[in-house]
Amino acid sequence: MNRRTMLKMAAASAVLALGKQGTAESQSSQAASDNNQGYKHRVAFGAWINDMRNEPLPLQQWPAPQFDGQTLDSLVCALKVQAEAGFKLLDVWGLFATYGYPPDIKSAFEDEGRVQMVRRLIEAAEKLDMRIMFGMGLLSWGYDKILEANPGIRGVDADGKPHAHALCGAKEESWRCVEKILDCTLNNFAFGGIHLESCDLGCCMCPECAGRDGQVGYNVRMNARAAQHIKSRWPHLTVTAIPSNWLPGNAGPFTPEQEDQVVGLGSHIDCFMDQGWRGTCVAPERRKAFISRLPCAYGTSGGIWMYHCARRNRLSYFMPYPKRAGAAIREHYGDGARGSMIYQGPMINPAVEMNTAVAGRLLRNPQRNAQDALEEAVEFYYRPRSADVRRAVAEAFCTAEDAYFDSWSDELKKDPHRPGEFYVETLFAESPQRSQYLEQCLTPKGRGSYRKGLVAVLDRLSSLDGQCQDEGRLSRVRTGVISAIVDIENLGYERPA
Ligand SMILES: [Zn+2]
């Protein structure tokens, strides 16, 4: 019996073990996906190739550019969990370049070692009935070396100074670069989709670019042009556009005029992914009406996510959030969202695995009870001895989740632009850094309360020794919880009353 057969059997026994209610829900889940209901665009989002790496790169600046055997093995490990959860696409950045394609562009696609890695990744995805989505920095990520060689196409920033990264979208030569990257990628590799991102590193503010249309209008125009180019040559590809930094500090909402501009973009793309780093660009109270006017699908990133850092020991934190992401997935679906890009991380970390496992199951059937999806995933990956053990493992995840998010500062809880995205540690450094997630969102009092919850998780875990056939997962949970407690001890905290 190979591992795959065993996993299938585990899945079948999970359905049986869930009992009457679970069985009914699992059947309705299957029926829902058979009827093509649920989220249509179920995207697991890398983001960069080594963000999902199962071994750390402790001295590596972000984003880590290397594509080695460990990168590939980690991506394949992530793909398996994603496929088992029902994701259809893995959207991943940095396959051929991070900040800088070479000035001739095509040599990036002629590095035989790298090309083989990408082909093996695409094949691994296809075997799992998934596809790889190509992350495309549209006039923003990937042009630093091109701009050094050809300063004439460099954009300008808000002060009129040369932009550090962005091309000027009004220059046709800039578009020759964009089209060459697309041609090299899409003519030679069997990607399933393209993620367009035009402003993550900023965009050109000259009088013919954002200086003319405003930042949202300009980015809409650039994305529409790129999407038209893609759809005219590769009409089968899923095209998404992501409004990262279209608004200052990613803090919404769009004005009604900006909403109208994005509705215009909807005729050219398959899904507008309003991720929600600091709340979504479309205000929640306007979401339903906006979606009803949008010609394409609308998507989010499930309301809350941790951004993982390749420098960090992969088991040095434990951050599950299946309940909160599940609630957002359900709410956004109710408003009409049919796209989702769920942030990934190192799958060796059991909280990352569970976040992916539960989110994917809920995207297939957003009406489903999140607890039911969580217990199904526990059954599948932990193979508990009994229903009581299954519930106890699920409870350990929920206790850790509540302990962190319930401990957020009152100020942050009330902030209309509260993250969305929060960080294990700062992205920009060349050695491991302190735990930003414990300082960004928690006061000393909050850390004391989080610490108390984590100690309760350890206590719960001690009763589960020998109760699961989980391939070391509970042991990894324990490692993460212990490390987080030590971090809190080192940072300092206020003991709860
Ligand atoms: Zn310009």
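Residues are numbered from 1 along each chain as its sequence is written. In this predicted model, local features need pLDDT of at least 70 and side-chain atom pairs count only at pLDDT 80 or more, while totals for chains, interfaces and linings use all residues.

Q: How do you know whether the radius of gyration of the protein chain agrees with that of a compact globule?
A: The globule rule is 2.2 Å times the number of residues to the power 0.38, and the radius is taken over C-alpha atoms. For 497 residues a compact globule would have a radius near 23 Å; the protein chain has 22 Å, and therefore the two agree. Along its principal axes, the C-alpha trace spans about 65 × 50 × 50 Å.

Q: Why does tryptophan 277 count as buried?
A: A residue is buried if 20 or more other C-beta atoms lie within 10 Å of its own, exposed if 12 or fewer, and partly exposed in between, with C-beta atoms placed from the backbone. Tryptophan 277 has 22 C-beta neighbours inside 10 Å, so it counts as buried. Of the 497 residues in the protein chain, 51% are buried.

Q: What is tryptophan 277 in contact with, leaving aside its neighbours within four places in sequence?
A: Two residues are in contact if their C-beta atoms, placed from the backbone, lie within 7 Å. On that basis tryptophan 277 is in contact with Asn250, Pro419, Gly420 and Glu421.

Q: Why are helices α11 and α12 called oblique to each other?
A: Angles under 35 degrees count as roughly parallel, over 145 as roughly antiparallel, 65 to 115 as roughly perpendicular and the rest as oblique; they run from 0 to 180 degrees between N-to-C directions, and axes are lines fitted to C-alpha atoms, for helices over the stretch in contact. Helix α11 (residues 350-364) and helix α12 (residues 370-382) pack at about 125°, with axes 9 Å apart. The two helices are therefore oblique.

Q: What makes α16 and α17 roughly antiparallel?
A: The axes of α16 (residues 444-462) and α17 (residues 473-491) cross at roughly 155° and come within 10 Å. The pair is therefore roughly antiparallel. By class, their contact has 13 nonpolar, no polar and three charged residues. Here Ala, Val, Leu, Ile, Met, Phe, Trp, Tyr, Cys and Pro count as nonpolar, Asp, Glu, Lys and Arg as charged, and the others, Gly among them, as polar.

Note on methods:
Helix = DSSP H or I, 4+ residues; strand = E, 2+ residues; numbered from the N terminus.
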